[in-house]
Amino acid sequence: MEVGNLAPLETSGAGAAGFAMPHVAADEPAVVLELVCRRFGAKVALDEVSLTLGRGEIHALLGPNGAGKTTLLRILSGLLLPTSGSVSVLGARPERQSRALRSLVGLVPSGDRSLYLRISGLENLIFFGRLHGLRRGEAKARALELLEHVGLTEAARLRAGVYSHGMRRRLALARALLARPPVLLFDEATHDLDPEGARSIRRLVEAAAGHGAAVVWATQRLEEIHGFAGRATVLAGGRVRFGGAVPELLDRVVPRRYVLRLRDRETRAVPPPARVGAAIDSFGRVESIPGAPEHLLVVLHTEAVLGAALAAVAAEGLETISCTQERSELEEAFLSLTGERR
Amino acid sequence: MSILLAEARKLPAFVRRDFLVALSYRMSFVSDLVSLVGQILIFYFLGRLVDSSDLPTYGGTEVTYLEFAAVGIAVAVFMQFGLQHVARAVRSEQLMGTLDSLLTTPTTWSTIQIGSAAFELLYIPLRLSLFLFAATIAFGFGFESSGILPAVVLLTMFIPFIWGLGVVAAAIVLTFRRGGGLVGLGAMLLALASGLYFPVDLLPGWLVSFAEVNPVAVVTDGMREALVGGAGWTAITREAAVLAPLSLLSLAVGGACFRLALRRERRLGTLGLY
């Protein structure tokens, strides 16, 4: 049996105090990785990965299966030591201050197997709260507070085993927030959730980041990070293929080239490229396509919106018969960046 | 010191967790009690085949086979707990997928290990007391009340020895995922030369000599002297002197093995795998 009907999420106002983070120097990077390598026998899982993450930042870690995302998160959470390179989480280093590091990090692992399914969601949180050093009364109060934030108050006393996937993810998120860690790590936190469930988790994460938490969000889905993460690192085969701002990444991978078929609304003739180019001059440029005289290639500027360009074309008295992306899929473009496209 | 205190404060959380989990399997509670009754009955009928004059006397007191075996069962249950549960605790966390969750909290390995066995550590003596109490009432055992406390002290001193072996088993399980049976085999050999269910005198001479320093035999004999012979504290002096260093050695060896296994797992990055 699964339990549905979740209570609404509380991600702002007084309730968001549950995400309040401890005071650390504002200019101090929360996470610093320098040339981190990790090998498993002959296999290289991470190869000279460097990354810096500030407070309140949501940093997307992108890559296909086997890219090294989980290995990186396991190193950041103290579960795994790097073979070489240095890792620092607010000054704590995993090889020397493993215990301190673990008190600074909250991990939401992939999958549902990280909870005790025979006991209630509330008891799960109380147990882990106590392992974080809270007294029983404090742990219970904190658990109830967080269950409210993640919309699980009504299901608090039900066994975690009857929770749906989405509810377990919310519970895992609540657990990660128990000790108000300044660094939060998410491993494919929404990969098998429905769109509403995934969105609700992202809203909670945004709320946590809004209160100062540095967030590393590992995912395979490029579309998930648009408008959510500020910066991104793309991993493939353990190596960094891209590191920078999300808009820059999207520029590189989001198709901005469209093939248009246009016609003059009155004469029904194919317009010359110069006429179309003049109409959309502020949005991009126009090129003719050899061997396809009825089609034109429109290359949009970075900030240009396709709809606005098409409106300018219409204002010129031209009718759009068809408009297709030159490259078919966003994900295909992403795969080309990670070297996975065949 | 403050870290030690902070870690100790976490142990009740483990006990509560495991109590709630055990409570969710109500049938296992019932079947456990039924199996205890079954054990008593088996040894009762077996005891009817054994002539008391073939058994050793304790403080000049003759002992029935059921009284003799009851103490053996008590020690065997402790051994079973130490060897199986301590090793199984880590393994079951690995299998359930909760080990990583525990390891991402600022909790030491020792706390996780002791905590994971803490509920059983409290439950097993309760179960044993119930067993001995029920057997005493049902079959009129002549146990001396003055021997109860010395027997408990002796059993308590035996815990580190068995715990140490259990931790060795846990280290083997951590390294090879299976293979805890090797330690079980060693424990079986210890049990064979211990007089848990039959007098040590029936064994070949070299095994009888070994039994003199076999901690399982030492604790079993000491408990019988205390409970049946009524020898009180004097009965356990020699046993305690033999048991104490062996318990410390076992604990030290277990701790070292486990640290090595843990270091290897962290280096390989296979700790959470099963």
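Questions on a predicted two-chain model

User: Which residue of S12(A) is the bridge partner of A:Arg261?
Analyst: Strand S10 of chain A covers residues 257-264, and strand S12 of chain A covers residues 295-300. The two pair in the antiparallel sense over five bridges. In S12(A), the partner of A:Arg261 is A:His295.

User: How far apart are the C-alpha centres of domain 1 and domain 2 of chain A?
Analyst: The domain assignment of chain A places domain 1 at 13-252 and domain 2 at 256-326. Between the C-alpha centres of these two domains of chain A, the distance is 44 Å.

User: Is helix H1 of chain A mostly covered or mostly open, and how many of its residues are buried?
Analyst: A residue counts as buried if 20 or more other C-beta atoms lie within 10 Å of its own. In H1(A), the buried residues include A:Lys69, A:Leu72, A:Arg74 and A:Leu76. Just after H1(A), A:Gly78 takes a positive phi of about 85°. Helix H1 (residues 69-76) of chain A is mostly covered, and the number buried is eight of eight.

User: What percentage of the 342 residues in chain A do buried residues make up?
Analyst: Chain A has ten helices and 13 strands. Among its contacts with a separation of 6 or more, 70% join residues 24 or more positions apart. Of the 342 residues in chain A, the buried share is 42%.

User: Which element gives the largest share of the side of chain A that touches chain B?
Analyst: Across the two chains, 25 residues of chain A are in contact with 22 residues of chain B. By class, the chain A side has twelve nonpolar, seven polar and six charged residues. Helix H2 (98-104), strand S5 (105-108) and helix H3 (121-131) of chain A each give two or more residues to that side. The largest share, five residues, comes from H3(A).

Conventions:
Residues are numbered from 1 along each chain as its sequence is written. Chains are lettered from A and ligands numbered from 1 in the order in which they are written. This is a predicted model: local features need pLDDT of at least 70, side-chain atom pairs count only at pLDDT 80 or more; totals for chains, interfaces and linings use all residues. Two strands pair if DSSP finds at least two bridges between them. Helices (H or I, at least four residues) and strands (E, at least two) are DSSP runs, numbered from the N terminus. Two residues are in contact if their C-beta atoms, placed from the backbone, lie within 7 Å. Ala, Val, Leu, Ile, Met, Phe, Trp, Tyr, Cys and Pro count as nonpolar, Asp, Glu, Lys and Arg as charged, and the others, Gly among them, as polar. A residue is buried if 20 or more other C-beta atoms lie within 10 Å of its own, exposed if 12 or fewer, and partly exposed in between; C-beta atoms are placed from the backbone. Domain bounds come from an automatic or database domain assignment.
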